[in-house]
Amino acid sequence: MNSLTLLLLGILLFLVAYATYGAYLAKHWGIDNERKTPAHTCRDDIDYCPANAKVLLGHHFSSIAGAGPITGPIAAAIFGWLPVYLWIVIGSIFVGGVHDWGSLFASIRHDGKSIGEIIRVNIGARGKMLFNIFAYLTLVLVVAAFTDICASTFAFDPAKPELLSGARAGTASILFIFLAMAFGFFVYRKGANLTLSSIIGVALLFFSIWIGYQFPILKLTKFEWDVVLIVYIFAASTMPVWFLLQPRDYLCSFLLYAMLAGAVIGILIVRPAMAIPASVGFTIGEGVKAQYLFPMLFVTVACGAISGFHSLVGSGTSSKQLSTEKDTKLVGYGAMLIEGILAIIALITVGYVVGAKGTPAQIFAGGVSDFMSNFGIPVSIGTVFVILAFSAFALTSLDTATRLGRYLFQEMTARADGKKSILNNMYVATAITVGLSALLLSYGYQKIWPIFGSANQLLAGLSLLAVSAWQVKRTL
Amino acid sequence: MTVIPMVFMFAVTLTALILVGRNNFASGNFIIGSVAAILFVLAIILIVTTINTFFGKKSEKKNISA
């Protein structure tokens with residue numbers, strides 16, 4: 001099978017699904033464009049703040065697209081490319097897309113509150129407490145893991161001074177932060193034109209990459225990066241969402257779109273055939289190490305088909321910024337389908353050569369840079385660009401996860417009489433969330449990280465339970 | 001629209017948690033095995049709570065009184 005066919009068929013099916021199944025769902029759920037969203041009714045310009053749909057799509061997409069859509073399909077390719085491909089396409093359209101959009105829509109009909117609150121209203125208070133504790137601990141684990149991943153990516157090893165890819169990516173990523181704050185200030189406080197600001201912002205984004213590549217001045221150790229990242233996520237969690245988190249995610253999304261476009265053009269030119277087998281059977285390995293297609297395929301390919309983390313983003317930062325209910329389709333459903341395309345590309349990068357070696361990130365970077373080299377981008381520069389985009393995925397998920405953890409902590413410690421408490425304070429909630437993650441990072445989050453895949457998919461199941469319960473209640 | 005995906009995802013995760021728990025207990029990794037067991041119980045509690053909310057005795061009484 002030619003990979004170009006797989007890619008184009010996938011894109012075509014996603015477009016058809018967006019136009020048809022998306023329209024059906026919008027009608028079935030009763031999307032009401034006249035109804036005011038929480039971004040307007042609860043506006044505080046810190047967490048609740050109406051945003052342009054395209055800006056919010058950028059924030060949502062780059063937040064949900066952690067490392068998962070790349071690592072998942074590459075790891076699951078041991079089952080052959082066909083089951084992975086089918087799960088990505090069918091899962092994104094009928095499972096993940098519905099889950100993401102449903103969570104987002106349910107949240108805006110509950111004042112932009114979390115899935116836990118939707119459970120409280122429609123199932124009961126005990127359900128909310130259990131879900132929120134589970135979701136919060138999962139987020140603490142995510143913050144610890146992604147801090148570690150980002151710090152490891154950016155770290156400079158004085159013993160190997162010739163290796164500068166980490167320092168380059170780290171320097172560029174810090175420049176993105178200041179660029180995002182300038183973008184947020186000019187767009188939201190000075191009323192700068194969004195299109196013009198986006199063009200200038202994207203140009204400066206790529207200029208920042210060039211500066212990082214030419215002048216990798218931030219040669220910090222992993223521990224120093226841990227500290228820098230902890231300071232950054234604290235700021236991203238507490239500053240007004242329009243000032244740092246949302247514009248940074250929005251601008252970084254162009255990095256991701258550029259990588260996607262580069263990979264698609266490269267595949268159009270190269271048209272590599274899938275070299276790995278289409279299917280290798282239901283079971284791989286023996287004994288306790290045996291891997292079964294069901295359920296492992298559906299746990300391993302998470303972000304590329306369905307991921308519980310998406311529901312936390314949808315019912316967390318995104319639902320508080322949606323300007324109209326109509327935008328839920330583009331942000332909730334559209335972002336998931338774009339992520340499906342990314343997952344297909346990841347599958348192609350591992351499938352066009354037999355026995356691809358290295359980590360999933362290296363396989364992906366090697367494949368995409370190889371494709372891009374066919375239209376003039378040298379492999380060395382292409383690899384740095386893809387690694388930078390990969391770290392941008394991780395960092396945008398990290399800052400959003402911290403803010404989501406803060407929301408959940410505040411929701412869990414909110415007093416029934418509505419009065420303020422010290423634990424409910426934004427800074428205290430962030431400090432506790434970041435502190436717990438730092439503790440987990442120090443004491444070895446890796447001990448429980450292998451359970452994350454199952455926990456994440458359980459989150460997805462529980463979010464679908466909450467949305468289903470709400471839908472049933474609406475019809476009673 | 002959400003019920004079939006929900007049932008499928010519960011089938012996936014509950015099976016996965018059983019396998020992860022069994023494999024880790026068998027290989028002596030009690031931390032992950034225990035976390036898998038806790039998550040399994042959590043999922044069952046939430047599923048049972050939901051079923052009781054919609055089909056339980058309290059729900060029936062409410063329907064009758066309504």
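Guide: A residue is buried if 20 or more other C-beta atoms lie within 10 Å of its own, exposed if 12 or fewer do, and partly exposed in between, with C-beta atoms placed from the backbone. We're looking at a predicted model, where local features need pLDDT of at least 70, side-chain atom pairs count only at pLDDT 80 or more, and totals for chains, interfaces and linings use all residues. Residues are numbered from 1 along each chain as its sequence is written, while chains are lettered from A and ligands numbered from 1 in the order in which they are written.

Visitor: What does the secondary structure of chain A come to?

Guide: Chain A has 19 helices and two strands. Its C-alpha atoms fill a box of roughly 60 × 50 × 50 Å along the principal axes.

Visitor: Which residues touch the most other members of the largest nonpolar core?

Guide: In soluble globular proteins, nonpolar side chains tend to be buried together. A core here is a set of buried Ala, Val, Leu, Ile, Met, Phe, Trp, Tyr and Cys residues joined through C-beta atoms within 7 Å. The largest has 169 residues, and A:V84 and A:L347 touch the most other members. Leaving aside neighbours within four places in sequence, the contacts of A:L347 (C-beta atoms, placed from the backbone, within 7 Å) include A:P73, A:W81 and A:V84.

Visitor: How many residues of chain A are in contact with chain B?

Guide: There are 38, facing 30 residues of chain B. Helix α19(A) gives the largest share of that side of chain A, 14 residues. The side divides into 26 nonpolar, ten polar and two charged residues; Ala, Val, Leu, Ile, Met, Phe, Trp, Tyr, Cys and Pro count as nonpolar, Asp, Glu, Lys and Arg as charged, and the others, Gly among them, as polar.

Visitor: At what angle do α14(A) and α19(A) cross?

Guide: Their axes cross at roughly 55° and come within 6 Å, so the two helices are oblique to each other. The contact uses A:G308, A:F309 and A:S311 of α14(A), with residues of α19(A) including A:N456 and A:L459.

Visitor: Which residues does a cis peptide bond join?

Guide: Most residues other than glycine have a negative phi, and most peptide bonds are trans. Here a cis bond joins A:F294 and A:P295, with omega about 15°, and A:P295 lies in helix α13 of chain A. For phi, look at A:D45, a residue other than glycine with a positive value near 60°. A:D45 sits in the loop between α3 and α4 of chain A and is exposed, with 12 other C-beta atoms within 10 Å. A:D111 also isn't a glycine and has a positive phi of about 60°; A:D111 is partly exposed, with 14 other C-beta atoms within 10 Å.

Notes:
Helix = DSSP H or I, 4+ residues; strand = E, 2+ residues; numbered from the N terminus. Contact = placed C-beta atoms within 7 Å. Axes fitted to C-alpha atoms, helices over the stretch in contact; angles between N-to-C directions. Parallel < 35°, antiparallel > 145°, perpendicular 65-115°, else oblique.
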